[in-house]
Amino acid sequence: MTDEVKTSVSEKQSGLQEAALQAIERLTAFAVARGLIEEADIDYSRNLLLERFGFDEPFAGEADAAVLDSPQPALDVLIDYGYEIGLIPENTDTYRDLLDAKIMGMLMARPSEVARSFRVKAAEGGVEAATDWFYRLSIDSNYIRMDRVNKNVYWKQPTPYGEMEITINLSKPEKSPEEIAMAKLLPPPVYPKCQLCRENVGYAGRLNHPARQNLRIIPLDMNGEPWFFQYSPYVYYNEHCIVFHHDHVPMKLTRDTLKRLLSFTDSFPHYFIGSNADLPIVGGSILTHDHFQGGRHTFAIQKAEKEQVFTHPSYPGVQAAVVRWPMSVVRFTSADPQQLLEAGDALYEAWKQYSDPSVDVLAFTETDGERVPHNTVTPIVRRGLDGSYEMDLVLRNNRTSEQHPEGIFHPHREMHHLKKENIGLIEVMGLAILPGRLKEELDAIANILSGDTDLANAATQDGHPLHKHAAWIDELMGRYGRNVDKAEAVSLLQNEVGLKFSTILEHAGVFKRDEEGQEAFRRFLASLGYLPA
């Protein structure tokens, strides 16, 4: 190596070191400004970072005095330097995220201190003030990755059922093929048992499990049971929170589930809370750990109008209603949470046993001599402005058939080019979470509608990324032609996707929106003793 090259390498290394040292100063200043640490913690936190990156002394110059709006710019500098000095073996999103959480974990209070601060703020300023503070903390600590969440494609979609919300999810980083292959070679995870377990707090992570040094959770008591409260790292809506059981116990919907949901809204009246169903196909992605999702957001389902109101002599303080929604929803409203619990639990228990073969609803089938249950609900609870309680029970059935092997009440195959995953709680409420691949695919289809003949021909070939959309593309070209302005094509495609989401929810509805389905819905309610009001 020539002297000139050696000098160049040395200068580059010196420049990287200086940038990393400045980044440490800026991150420490950000942490204290945002309340992640206190003034007394500055030297301690700085020294932790200096040791992590192999420095004996802090930055000797004058660091930029402007406080960062987000930790990400300084984090990126430090992670780049960390890669240069071998702290991560590859400069991929997965390894960068592992180091990112480690860095931010050094700039936060201990879990017990965060929980104590939450309790103090709730006692002094009310629970809304406490959740405002905790949500901001989760963003500032980079646990909620707003830099990625903001990349999601989002639009509001008029439908026959009101204005729904559509997102194309780009926030979760994709693993490279090499990382996927390496993760498969690792032994099955034993600790933590899943990504919802309380033991994730402070965990360093690995290729097949995210780092969580910057995660903080708040202990909750619900009906005398220990639970925890945190926010989702990839929030799909405002203040998207997760409430999870102290222990790794499987999801199971019972009377106690409904009681817990009501209890939560007593403590957090400004949040809704709901649960995924507890059966495969109609359930959520994690059925091994009992948990709920909530937050501070008004979904389209909440605005859905009541189509028919019912009463029941056993629950005089409860109003029941069928709402105008693509799925089958019974809405209970009452000022008395105990009466509402009784009514909701009675309907849930009845639904688990209910069959109506005329509309393909069977509560049980037999497989190898075993009785397999198919009926469950997706429950959602919220408080009204007048303090009343509102509970939506969305009726679900996970039966499959030869015609619909993925699920009779599941997105049908003609919709799988857009979405074939489970319809969980969030989508039940009218917020679509569509796969990230659609961003580029829809843009390419817009190009076809704008006249790209070569791409249109390529899309007909098996193996092409657009081939899954081939029938839809033909339909779109037949309706709109192939000379559409690109901006107009993008807009009409969003409208088409949004309307298809509405249809997907109709597929998931057990009692269809036609007269036969609605009459079957009324028969079910009549079988429980409900009378039209």
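Let's start with H4, where Thr-94, Tyr-95, Arg-96, Asp-97, Leu-98, Leu-99, Asp-100, Ala-101, Ile-103 and Met-104 are buried. Buried means under 20% relative accessible area, with exposed over 50% and partly exposed in between (1.4 Å probe, protein chains only). This is a predicted model: local features need pLDDT of at least 70, side-chain atom pairs count only at pLDDT 80 or more, and totals for chains, interfaces and linings use all residues. Residues are numbered from 1 along each chain as its sequence is written, and side-chain values use heavy atoms, with hydrogens and water left out.

Back to H4. Ten of its 13 residues are buried, so H4 is mostly covered. H4 covers residues 93-105 and reaches 18 Å from its first C-alpha to its last, close to the 18 Å expected at 1.5 Å a residue. That expected span is 1.5 Å times one less than the number of residues. Helices (H or I, at least four residues) and strands (E, at least two) are DSSP runs, numbered from the N terminus.

Next, cavities. How many of 30 Å³ or more does a search of the whole structure find? Two. A cavity is a set of points, on a 1 Å grid over the protein atoms alone, where a 1.4 Å probe fits but cannot get out; lining residues have an atom within 4 Å of a point. Volume is the space filled by probe spheres set on the points, which are joined across faces, edges and corners.

The largest cavity has a volume of about 50 Å³. Its lining includes Met-108, Phe-134, Tyr-143, Arg-216 and Gln-230. Helix H6 (127-140) and strand E4 (225-231) each give two or more residues. H6 gives the most, with three. By class, the lining has six nonpolar, four polar and one charged. Here Ala, Val, Leu, Ile, Met, Phe, Trp, Tyr, Cys and Pro count as nonpolar, Asp, Glu, Lys and Arg as charged, and the others, Gly among them, as polar.

The second largest cavity has a volume of about 40 Å³. Trp-325, Met-327, Phe-511 and Arg-513 are among its lining residues. Strand E9 (319-323) and helix H17 (515-527) each supply at least two.

Last, E4. Six of its seven residues are buried, so E4 is largely enclosed by the rest of the structure. Five bridges join E4 to strand E3 (residues 218-222), and the two run antiparallel. Asp-221 has Pro-226 in E4 as its bridge partner. Two residues lie between the strands of this hairpin, where Asn-223 takes a positive phi near 60°. Five bridges also join E4 to strand E5 (residues 241-245), again antiparallel. Strands pair if DSSP finds at least two bridges between them. Gln-230 stands opposite Ile-242 in E5.

Definitions and conventions
1 Å grid on protein atoms, 1.4 Å probe; cavity = no way out; pocket = protein on both sides within 12 Å on 5 of 7 lines; lining within 4 Å.
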